[in-house]
Amino acid sequence: MDNETKTAVEQTEANQETPKTEKKEKKSKKDAEIEKLKAELESKNDLLLRTAAEFDNFKKRTERERLGIAEFAKANVIKELLPILDNIDRAALMEDKTSTDYIKGIELIVKQFEALGGKLGIVELAQVGDNFDPNCHEAVMHIEDESFGENVIAEVLQKGYKIGDTVIRPAMVKVAN
């Protein structure tokens, strides 16, 4: 082979190697990019799992705290009720249930309950003459009476109570007209 032929053959071989080399470079770049994306995906997946676990722990922790607060609130209410229960026990042990001391004792117990209700923010619902509200009152009887207006409470059969906007027990009432 002469020099020109050798040069032509070498160029042909070089041209053939260039696409192979370029392919290898492109392939290695793609592999590197794929590896990078896999690592990033694994990192995000790990972060997602950790976040989900932390959220689950948060839910459990807040539920325990909520139950603890509810138990604490119940204990405080019961603590306030105990002196009243002691007085009821003393009244039950009295032999003469018709004496003025017995009657005064019962009246004091009622006042203690009312004071406790006020302290806890309990509000009594329904007075005679109030307008009937189906959200707070339960009408169990209906009468026609001209001395009362339309949908007015004529009689409270059982007291109702609420704390704030929450009705504990609706009042059972007799409604006029």
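The largest nonpolar core of this predicted model consists of seven residues: Leu125, Ala126, Cys136, Ile153, Ala171, Val173 and Val175. A nonpolar core is here a set of buried Ala, Val, Leu, Ile, Met, Phe, Trp, Tyr and Cys residues joined through side-chain atoms within 4.5 Å. Buried denotes under 20% relative accessible area, exposed over 50%, and partly exposed the range in between, with a 1.4 Å probe and protein chains only. Strand β6 makes the greatest contribution to this core, with three residues. A second, separate core has five residues, including Ile84, Tyr102, Ile109 and Leu116.

Because the model is predicted, local features require pLDDT of at least 70 and side-chain atom pairs count only at pLDDT 80 or more, whereas totals for chains, interfaces and linings use all residues. Residues are numbered from 1 along each chain as its sequence is written, and side-chain values use heavy atoms, with hydrogens and water left out.

The chain contains two helices and six strands, arranged along the sequence in the pattern α-α-β-β-β-β-β-β. These elements are DSSP runs numbered from the N terminus, helices being H or I of at least four residues and strands E of at least two. Of the 177 residues in the chain, 12% are buried. The chain exposes about 14400 Å², of which carbon and sulfur atoms supply 56%; accessible areas come from the Shrake-Rupley method with a 1.4 Å probe, and for residues only the protein chains shown count as cover.

His137, in strand β2, is buried at 8% relative accessibility. Apart from neighbours within four places in sequence, His137 is in contact (heavy atoms within 4.5 Å) with Ala126, Asn131, Phe132, Ile153, Pro170, Ala171 and Val173. Ile153, with the same exclusion of neighbours within four places, is in contact with residues that include Ala126, Phe132, His137, Phe148 and Val173. Across the chain, residues 24 or more positions apart account for 59% of the contacts with a separation of 6 or more.

The other strands form an open sheet of three in the order β1-β4-β5, with antiparallel pairing. Its edge strands are β1 (122-125) and β5 (166-169), each of which pairs on one side only. Neighbouring strands of this sheet are turned by 35° against each other on average, direction ignored; the axes are lines fitted to C-alpha atoms, for helices over the stretch in contact, and angles run from 0 to 180 degrees between N-to-C directions. Strand β4 (residues 160-163) pairs with β5 over three bridges, and Tyr161 stands opposite Arg169 in β5.

Asn177 is buried, with a relative accessible area of 14%.

Notes: Pairing = 2+ DSSP bridges.
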